[in-house]
Structures are given as C-alpha cells and as structure tokens.
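Biologist: I have a structure open and would like to talk it through. Can you help me read it?

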Amino acid sequence: MTDVKFGTLEPIRYMAPDFDNTMVSYKVYGTILIEQDVEDAFKERIKSEVLSMIPIVFSEFHAREVKCLEIPAMCSEMSKKLTERLREIGRKCNVSVGGIVMDEESKKIIEEKQRAKIIADNPAIAQVEQLRAMQAAGAVNRPKFCPNCGTPVGPTGKFCGNCGSPLGV
C-alpha cells in the first residue's frame with residue numbers, strides 16, 4: 001500500500017447558489033491510498049487523475065445547488081465520489097479528502113453579503129447602520145444642549161461644562 005498526498009494548486013471556483021451565484025474559491029487537499037505498490041510515475045498519474053476529477057465533483061455540487069458554506073463539510077461525500085470515479089477507470093485506490101477550504105477573499109465576500117442580507121431583512125438594523133454611516137460622515141450633529149441638564153453646549157465639547165455629562169458622539 002502507498003499513500004499519495006494531493007492538493008489543488010489553483011483554487012477551485014464555485015458559483016454559490018445561495019449568494020446569487022457569487023464566485024467563491026476553495027482549495028482541496030487529502031490522501032490517496034493506493035492498494036498496491038506502484039512506481040512514482042504511476043502515483044503522479046493517479047494524483048493527476050484525482051485533481052482533474054475535483055472540478056467535476058464541484059459541478060455536481062452546483063447542479064444540486066449545494067450552499068457554499070456547506071461545501072467544507074462535504075469531505076466524506078467528495079472522498080466517496082473520487083474513489084468511485086477512480087474505481088470506474090480500474091484504479092484500486094481510496095481517496096480521503098482531508099479538507100475543503102474557502103479562501104480568505106471569498107470568506108470576506110460572503111461575510112459582507114451575509115451582513116447586507118441581515119440589514120436588508122431587518123429595517124431596525126438598517127436604520128442603525130444608516131445612522132452610523134451618517135455619524136461617520138459628520139452628517140449627524142450632537143444636540144446643542146446637554147441631554148442631562150439642558151445647558152447650551154458648543155459644537156466641539158465632549159462633556160457638558162455645567163454638569164460634566166458626556167455629550168455623545
């Protein structure tokens with residue numbers, strides 16, 4: 001028996017059906033257990049065959065509309081599919097996918113899309129976000145009077161000159 005490690009050199013691109021077919025990328029890695037001793041050239045050929053099959057499995061996931069956040073948990077399903085495909089072409093091997101990892105850029109894109117969806121689905125959160133944006137842009141002014149004692153305050157003070165209360169953002 002021989003173990004051959006594999007990993008995708010280039011990211012596998014996936015159109016996430018759960019995020020309007022946003023393109024995300026994954027890396028896949030694992031081990032191929034070859035049931036007989038073989039020469040190095042044959043090991044590399046089997047490794048190449050596995051790497052060429054991975055995008056096909058991703059296409060099957062897309063056809064089933066598998067959510068992009070579910071894919072990293074599908075190592076055993078991918079292992080089984082790759083093993084079956086190798087056996088169909090006469091290879092006595094077992095594939096063990098050790099990980100399916102979304103790249104950092106894709107994670108950021110999905111997090112931003114999730115955040116936007118939460119805001120869009122919740123009007124109260126949308127209002128808070130709008131107020132924060134306006135405050136950051138300087139479009140929201142502090143009150144002209146202390147909220148605690150009612151004393152008139154200047155535009156730049158952080159605390160009331162009369163009672164010492166904070167004047168807000």
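Biologist: What radius of gyration does the protein chain have, next to a compact globule of 169 residues?

Modeller: The protein chain has 28 Å, whereas a compact globule of that length would be near 15 Å. The radius is taken over C-alpha atoms, and the globule rule is 2.2 Å times the number of residues to the power 0.38. This is a predicted model, where local features need pLDDT of at least 70 and side-chain atom pairs count only at pLDDT 80 or more, while totals for chains, interfaces and linings use all residues. Residues are numbered from 1 along each chain as its sequence is written, and side-chain values use heavy atoms, leaving out hydrogens and water.

Biologist: What box do the C-alpha atoms fill?

Modeller: Roughly 85 × 30 × 20 Å, along the principal axes.

Biologist: How many helices and strands are there?

Modeller: Four helices and four strands, in the order β-β-β-α-α-β-α-α along the sequence. These are DSSP runs numbered from the N terminus: helices are H or I with at least four residues, strands are E with at least two.

Biologist: Switching to S106. Where does S106 lie?

Modeller: S106 lies in helix 3, residues 104-121.

Biologist: Is S106 buried or exposed?

Modeller: S106 is buried, because its relative accessible area is 3%. Buried means under 20%, exposed over 50%, and partly exposed in between, with a 1.4 Å probe and protein chains only.

Biologist: Which residues does S106 touch?

Modeller: Leaving aside residues up to four places away in sequence, S106 touches V24 and S25. Contact means heavy atoms within 4.5 Å.

Biologist: And what share of the protein chain is buried?

Modeller: Buried residues make up 31% of the 169.
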